[in-house]
Amino acid sequence: MVNNLADLAVTTFLAEQIKNVRIAVIGDVMLDRYFQGEVKRISPEAPVPVTRITKINSVLGGAANVAANLAHLECQVFMGGVTGDDENRLLLEKLMDDAGINHQGLVKSKLRKTITKLRVLGGNQQMLRLDFEETGDLFPEEIIELRHWLAGLLDEGLDGIIVSDYAKGVCSDDFCQWVIAQGKAYDIPVLIDPKGADWSKYDGCDFITPNLKEMCEAAGCQRENSDEAVVSMAQAAREKFHIKNVVVTRSERGMSLVNAEQVLHSPATAIEVFDVSGAGDTVAATLLAGVAGKLALADAVYMANRAAGIVVAKVGTYPVHRDELLKDLLTEERKQGRGYRTLSWQEIASLAATWRACGEKIVFTNGCFDILHVGHVTYLEKARNLGKHLIVGLNTDASVRRLKGETRPLVHELDRARVLAALACVDAVVLFDQDTPTELIEKIRPDILVKGGDYKPEEVAGREYAGEVRIIEFEDGYSTTGVVEKIAKMVKEGKL
């Protein structure tokens, strides 16, 4: 059983080392297009709903979504595959450029079109899906071009390879075996995200990441989602196809890793599940990023499971972001009583940008919070209710001394931060050493800036970098100064 505690090596890896990891992704690249709108009537031409389109969105799909996950984890990513020479390829290239994905390995096919999946949504309900694709074996010259591209990358230096197979033609038997052989020759791990019941073309790979349905298909039988059944199927497949590690994603049961030395079960982490699409891509990307970055295998599995928990709580295909995953891991460490650190300014700015891109309202407030009391908690809960995420800027000890005198604070800055971060209403805590949080607010650019007391909005520091300012009254009868004075009085009277 995987220990639920995240090892400090995981957060250190995400915070400092993951940007050095170089991974090639090869497979069936797709463009996912979403036409979103509203449905208010039935067509007079046929008994079908009429969807008035209000928004069109395009995202990386298939193997390209694996690359997007790696890019948002801030790995160095190289994408190989085959597309058409058409407008949808241009859309793919722009999306990859925006994500920081090197796409020099995308071969332009003579006859194929870029695989595109178009979904029409009325509200959050999918009304229709249209697939534009031509499947089949690649031309010999296309295979040669892909091999030449990967061979060049291997000579330059890679830390891992992911083969993302959607059975559209890129991942043929011979090509998969050639990629696996290259991984062995260069001593780097090859991970397969499989498709279909016959895994013979994946023989000898280092990792394979089926979901439960795919695992059952490969086993040729339908089994329940129990630890015993999953381990039995995984062991049989591992031995039959000479696979070092089988990692099965099991929906509400989390994920399991089986190899010759150990069996690890990592429980699911998502509180709410909205959409499981893309979760397998996230697991493949995060797992290999950890393995390629020399994390212990148990830590890499744990990190991948936490990432999947974030993704299934989102609607639609969503690549997990490094700062979002780092924040999640730090929160879990805090809950389990492990080491704690606040986020850096760069990390909180990146995390805020991620939340903003998802349309999630960000609230910011700040203070010393020396000796946390009911008044503080009530104030913070009110602030959190104004948006989706609450970020607290916390004065450092040096800053508190300048503001309140040499006898304060009574509680060390990291201890104050940890107590604040333990509150359910607080999403992140970040330290600032300046007399005002203006520079920090400029980095975060919150939707709502909250201040307590009798301030006027035009008096609040950093207001120019926030969408709006809200003033929340403090709870009467509660203050740190009052607590300190009461303690001092009781000491003086010999009652303490």
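Is Leu 212 buried or exposed, and what is its relative accessible area?

Tutor: Leu 212 is buried, with a relative accessible area of 17%; buried means under 20%, exposed over 50% and partly exposed in between, using a 1.4 Å probe and protein chains only. The model is predicted, so local features need pLDDT of at least 70 and side-chain atom pairs pLDDT 80 or more, while totals for chains, interfaces and linings use all residues. Residues are numbered from 1 along each chain as its sequence is written, and side-chain values use heavy atoms, without hydrogens and water.

Leu 212 belongs to helix H6, residues 212-219 (helices are DSSP runs of H or I with at least four residues, strands are E runs of at least two, numbered from the N terminus). Leaving aside residues up to four places away in sequence, Leu 212 touches Asn 225, Val 230, Met 233, Val 248 and Thr 249, where contact means heavy atoms within 4.5 Å. Lys 213 also lies in H6, but Lys 213 is exposed, with a relative accessible area of 56%.

Two helix pairs may be considered next. The axes of H4 (residues 140-156) and H5 (residues 173-186) come within 12 Å and cross at roughly 15 degrees; axes are lines fitted to C-alpha atoms over the stretch in contact, and angles run from 0 to 180 degrees between N-to-C directions. H4 and H5 are therefore roughly parallel to each other (under 35 degrees; over 145 is roughly antiparallel, 65 to 115 roughly perpendicular and the rest oblique). Residues making this contact include Ile 143, Leu 146 and Leu 150 of H4, and Phe 175, Trp 178 and Val 179 of H5. The residues of the contact of H4 with H5 divide into eight nonpolar, one polar and three charged (Asp, Glu, Lys and Arg count as charged; Ala, Val, Leu, Ile, Met, Phe, Trp, Tyr, Cys and Pro as nonpolar; the others as polar).

H2 (residues 63-72) and H8 (residues 279-292) have axes that come within 8 Å and cross at roughly 50 degrees, which makes H2 oblique to H8. The contact involves Asn 65, Val 66, Asn 69 and Leu 70 of H2 with Asp 281, Thr 282, Ala 285 and Ala 289 of H8. The residues of this contact of H2 with H8 divide into four nonpolar, three polar and one charged.
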